[in-house]
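The sequence and the structure are shown first.

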Amino acid sequence: MSTLITIDLDAIEANYRYCSEQLQPARCAAVVKADAYGLGARKVAPVLERAGCRQFFTATHQEGAALRSLLPEAEIYVLQGVTERSVGAFCEHKLVPVLISPAQSASWAAQGRELGRALPAIIDIDTGMSRLGFSEGELLELASQDDALEWLDLKYVMTHYACADRSGADLSSNGKTREQLDRFNRLRQLLPQAPTSIGSSAGGLLGRAFSGDMARLGIALFGGNPYQDEMPELMPSLRVQGRILQLREIGAGTSVGYGATFVARKSTRIATVGTGYADGYPWSLGNRGIASIEGHRVPVVGRISMDTLTLDVSAVPEDLLQEGAMVDLIGPDISLEEVAAFAGTINYEILTRLSHRARRKYLGTH
């Protein structure tokens with residue numbers, strides 16, 4: 001394989017410990033949906049558990065069931081909640097749903113009534129995201145029903161910020177965030193008293209007022225910046241490298257790649273690297289991306305192909321250029337956030353699009 005993805009498990013563990021310290025006395029839960037943001041839940045989740053994490057979130061019950069096979073004793077919460085069809089799987093794998101609608105709460109309560117015991121759950125309140133969760137009207141309806149909550153063992157009440165990725169220094173005064181927090185604190189009074197879970201990586205790292213009793217951290221654990229500018233003291237955990245397949249000299253006027261979108265103005269040395277959009281390197285980085293060869297930053301020229309990309313390596317010393325050499329596409333000289341910015345997207349998308357076709361290597365003692 002010509003693409004190598006290296007994941008540093010020690011860095012992920014260090015990030016968890018750092019976030020846990022920053023969050024005290026709140027708890028730090030790990031969001032490991034989408035295969036731990038593309039880094040591999042089978043490797044990442046046990047490391048987080050050994051570091052002290054006891055609470056995990058997945059998006060779907062299928063992800064939760066797979067995680068249960070790795071973590072028999074962990075608390076596993078499912079963000080998309082439960083349906084009538086998935087109730088059995090939740091009970092079998094001891095998963096806890098994040099209830100997002102009246103239909104879900106009714107279905108889960110009915111299962112509790114059938115079993116003769118209240119079942120654990122989180123209730124999600126929509127405070128301004130307009131995505132998932134109970135609206136104010138739905139929450140009022142739930143609270144007004146005599147036995148609606150009797151069969152729910154409420155572990156947490158949660159919400160999700162819409163604008164928490166703005167600068168950490170400005171978030172406390174951010175109008176939207178403050179409005180959501182105030183709305184949440186008002187609406188949760190309609191429910192039985194329970195611990196709170198408010199912040200994800202961005203909001204959570206601001207402290208107890210914004211995280212609640214348990215913060216749900218994802219991108220920060222994996223070394224990504226949850227903010228648009230300021231970077232917390234996190235360790236990068238990802239390196240993506242591609243192998244040089246061929247080196248060639250092209251003359252002035254010669255085009256490179258599909259669509260002839262790059263035309264050399266002078267004699268140019270081109271390196272063709274065996275990484276393309278099928279490996280997770282975005283097509284949008286054509287003529288925009290940057291790679292690094294032993295600290296020498298070089299531009300991507302031409303379009304990204306399915307299996308290859310091309311670099312102008314004219315400025316790289318000859319002794320560093322050879323077929324078979326590895327080129328950094330994300331790494332010490334090119335951050336995940338920089339790649340995302342060049343691609344016109346966010347670091348989350350770059351991570352979750354990493355292809356399983358690429359070879360993965362895990363560093364660390366775990």
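In this predicted model, Leu-238 is in contact with Ile-5, Thr-6, Ile-7, Leu-39, Ile-330, Gly-331, Leu-336, Leu-351 and Leu-354, when its neighbours within four places in sequence are left aside. Leu-238 also belongs to the largest nonpolar core, which has 110 residues; together with Leu-48 and Phe-56, Leu-238 touches the most other members of that core. Helix 1 (residues 9-23) contributes the largest share of this core, namely 6 residues. A separate core of 6 residues lies apart from the largest one, and its members include Val-256, Ala-264, Ile-270 and Val-301.

For the protein as a whole, 13 helices and 18 strands are assigned. The C-alpha trace spans about 80 × 40 × 40 Å along its principal axes. Of the 366 residues, 52% are buried.

The largest pocket has a volume of about 1000 Å³. Its lining comprises 41 residues, and Tyr-37, His-160, Ser-200, Ile-346 and Tyr-348 are those that lie nearest the centre. At least two lining residues come from each of helix 2 (33-37), helix 10, helix 12 (336-343) and helix 13 (347-352). The structure also holds 1 cavity of 30 Å³ or more.

Helix 10 (residues 201-204) contains Ala-202. Is Ala-202 buried or exposed? Ala-202 counts as buried because its relative accessibility is 5%, which falls under the 20% limit. The C-alpha atoms of Ala-202 and Leu-217 are 8.3 Å apart in space, although the two residues are 15 residues apart in sequence.

How many disulfides does the model contain? The count comes to 0. For Cys-53, the closest cysteine sulfur is that of Cys-28, at 6.0 Å, and this distance is too far for a bond, because a disulfide requires sulfur atoms within 2.5 Å.

| Residue | Relative accessible area | Class |
|---|---|---|
| Cys-53 | 0% | buried |
| Cys-91 | 30% | partly exposed |
| Ala-202 | 5% | buried |

Cys-91 is thus partly exposed because its value of 30% lies between the limits of 20% and 50%.

Strand 14 pairs with strand 15 (residues 296-299) in the antiparallel sense, over 4 bridges. Across this pairing, His-296 in strand 15 stands opposite Ile-293. The hairpin has 2 residues between the strands, and Glu-294 takes a positive phi near 50° there.

Methods:
Residues numbered from 1 in each chain as written. Predicted model: local features only at pLDDT ≥ 70, side-chain atom pairs only at ≥ 80, totals over all residues. Heavy atoms only, no water. Buried < 20%, exposed > 50% of the residue type's maximum accessible area, 1.4 Å probe, protein only. Pairing = 2+ DSSP bridges. Core = buried A, V, L, I, M, F, W, Y, C linked by side-chain atoms within 4.5 Å. Contact = heavy atoms within 4.5 Å. 1 Å grid on protein atoms, 1.4 Å probe; cavity = no way out; pocket = protein on both sides within 12 Å on 5 of 7 lines; lining within 4 Å. Points joined across faces, edges and corners; volume = space filled by probe spheres on them.
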